[in-house]
Amino acid sequence: MPVSAPAASLTTMAPVPSMPHWDEALLRRYDRSGPRYTSYPTALAFHEHFTADDVTQALVRSNQRNRPLSVYVHVPFCRKVCFYCACNKIATKDISLAEPYLSRLDREMVLTSRRLDTSRPVKQLHWGGGTPTFLSLSQMSDLIDRLDARFGLSSAADRDYAIEIDPREADVLTLRHLQSLGFNRLSLGVQDLNPQVQKAINRRQPRVLTETLMDEAHRLGFRSLNLDLIYGLPFQTEQSFSETLEQVIELSPARLSVFNYAHMPERFKPQRRIQSDDLPSSEEKLAILRATIERLTAAGYIHIGMDHFAKPNDSLAIAQANGTLQRNFQGYSSHAQCDLIGLGVSAISRIDDIYAQNPTDLASYEAALDQGRLPTAKGVRLTRDDLIRADVIERLMCDMQLDLAAVGQHWKINAFDYFTDALEKLRTAERDGLVTWQGDTLSATPMGRLLIRHLAMAFDTYLPGHSSPRYSKIV
């Protein structure tokens, strides 16, 4: 991402212990659809005129900047589909699919590394899916060996090497193996511990599975554990989700991601197995959200922003306090200023001043690599205006405040003039108590933090004049 404003201009944020007030009517009024801003421009702005040649040119440019690398690997396979899922995945029990996919991944690595200065350290590695633990232990070792051979992996203590795990498909031997491969952070999918909810989403997962893995991960010394939860699933109530939260707090993960379920059955086929009548009402969802924030902050977690919570000593909370927090396609990240190399079907790269996405279907991904070319399906090269707005949106989403004087100094612009339209759009939010001004700094209030996506939308020149059905609701 673009270089942030100088650290001296950033204000260290104190944790917000709890919500001082709750205005349900206000939240409803602002609860429209909008981007999550894991990128700017968002993926809807990517176009098919962007080609593999654009990617190779960006790789050459990125070498001149010599930034460290972040590598994302997408493993699309799952043995069983979860009905809520909106990820790019292939539900199959055919484990023979993994080996040819790993071969294609290696081809993609080779084509990428030819243009890349691989002496640049790989500070961040993330395996997502799908379910990366679909791979056998030997296949995981093979994939790590290939990544190391092509890019050179790091053993530095401050590296951030993470993998997403389905507790139903892993055991203590899996964790020991992952540690030996160099992973130091785990993200466990939980979603909900209520048996009725689990049955409705086709994900039966007793607490003991998660608890056993967490105990072993702590014993092995994994630096950080994240649990994923989802609110808004069928049969959830404020009471039932509070019971899940109490159990999760007992497990004491370093981080929590509490996602808002977006029911879009017209876009995601598995969601058609969920009956709309079984979903909690909008009133119940807001009650669940309120209880979640109150319970987690009371338990000592800092609400980083949107759906992320972290303990004060976790690297996410420290990065936010230091003004170095970043957003990427995995959400909030403590490792800023890396070029992101996305590998695998549907993966997105952020290299120098471009975004590039691979095909979302496996056949097209395979065909491109079999033809000896990078599997680029679409992308976009950012203009100077895109870079400026990407910087501003990222800082607002990460810091929950925006120092316009620092923005102006960094980009050599008069930020107040440059963003006249955006600031005008925020006047209503200011009147409604979502933002406040202190000198040249715009800050989100506690209620504004819940609607930070809406505040960021004021700086987005790609948005249509109305909410897009392709985006999820903000709350």
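Glu-164 touches His-126, Trp-127, Gly-128, Gly-129, Pro-132 and Ser-187, leaving out residues up to four places away in sequence. This is a predicted model, so please take everything I say with that in mind. One of those contacts is polar: the side chains of Glu-164 and His-126 are joined at 2.9 Å. Glu-164 is found in strand β5, residues 160-165. Is Glu-164 buried, partly exposed or exposed? With a relative accessible area of 26%, Glu-164 is partly exposed, because buried means under 20% and exposed means over 50%.

An unreviewed UniProt entry places a "binding site" feature at Tyr-72, Gly-129, Glu-164 and Ile-348. Gly-129 from that set is found in strand β4. Gly-129 counts as buried, because its relative accessibility is 8% and the cut-off for buried is under 20%. What does Gly-129 touch, not counting residues up to four places away in sequence? The contacts are Tyr-72, His-74, Val-75, Cys-87, Asn-88 and Glu-164. Tyr-72 and Glu-164 are on that contact list, and the UniProt record names both of them together with Gly-129.

Next, the other annotated set. The unreviewed UniProt entry also gives "binding site" for Tyr-84, Cys-85, Ala-86, Gly-130, Thr-131, Gln-191, Arg-203, Asp-228 and Ala-262. From this set, Ala-262 is part of the lining of the second largest pocket.

Thr-131 sits in the loop between β4, residues 122-129, and α4, residues 137-151. Thr-131 is buried, at a relative accessible area of 7%. Beyond four places in sequence, Thr-131 is in touch with Val-75, Phe-77, Cys-78, Asp-166 and Glu-169.

The other is Gln-191, which belongs to strand β6, residues 185-191. Gln-191 is also buried, with a relative accessible area of 6%. Which residues does Gln-191 touch, not counting those up to four places away in sequence? They are Tyr-84, Ile-201, Arg-203, Asp-228, Leu-229, Ile-230, Leu-233, Gln-236 and Phe-241. Tyr-84, Arg-203 and Asp-228 are among those contacts, and the record lists these three in the set that holds Gln-191. Between the side chains of Gln-191 and Tyr-84 there is a polar contact of 3.3 Å.

Asn-328 is in strand β11, residues 326-328. Asn-328 is buried, with a relative accessible area of 8%. How far apart are Asn-328 and Tyr-40 in sequence and in space? They are separated by 288 residues in sequence and by 9.8 Å in space, C-alpha to C-alpha. Setting aside neighbours within four places in sequence, Asn-328 is in contact with Thr-38, Gln-124 and Ser-333. The Asn-328 side chain also reaches the backbone nitrogen of Gln-330, at 2.9 Å.

Strand β14 covers residues 348-351, and it pairs with β15 in the antiparallel sense over 4 bridges. Ile-351 stands opposite Ile-354 in β15. The two strands make a hairpin with 2 residues between them, and Asp-352 in the turn has a positive phi of about 55°. β15 is also joined to strand β16, residues 378-381, by 4 bridges, again antiparallel. In that pairing, Ala-356 has Gly-379 of β16 as its bridge partner.

In a regular strand, side chains alternate between the two faces of the sheet. Strand β15, residues 354-357, has Ile-354 and Ala-356 pointing one way and Tyr-355 and Gln-357 the other, and all are buried.

An open sheet of 3 strands has the order β17-β19-β18, with antiparallel pairing. Why is one side of β17 and of β18 left without a neighbour in the sheet? β17, residues 401-403, and β18, residues 435-438, stand at the edges, and each has a single partner strand, so one side of each has no neighbour there. From one strand to the next, the twist averages 15°. The antiparallel pairing of β17 with β19, residues 441-444, runs over 3 bridges, and Gln-401 has Ser-443 in β19 as its bridge partner. Helix α13, residues 404-411, lies across β17 and β18, running at about 50° to β17.

Notes. Residues numbered from 1 in each chain as written. Predicted model: local features only at pLDDT ≥ 70, side-chain atom pairs only at ≥ 80, totals over all residues. Heavy atoms only, no water. UniProt positions renumbered as here; feature names shortened; annotations may be inferred. 1 Å grid on protein atoms, 1.4 Å probe; cavity = no way out; pocket = protein on both sides within 12 Å on 5 of 7 lines; lining within 4 Å. Buried < 20%, exposed > 50% of the residue type's maximum accessible area, 1.4 Å probe, protein only. Contact = heavy atoms within 4.5 Å. Polar contact = N/O pair within 3.5 Å; in protein donor to acceptor, adjacent residues only side chain to side chain. Pairing = 2+ DSSP bridges. Axes fitted to C-alpha atoms, helices over the stretch in contact; angles between N-to-C directions.
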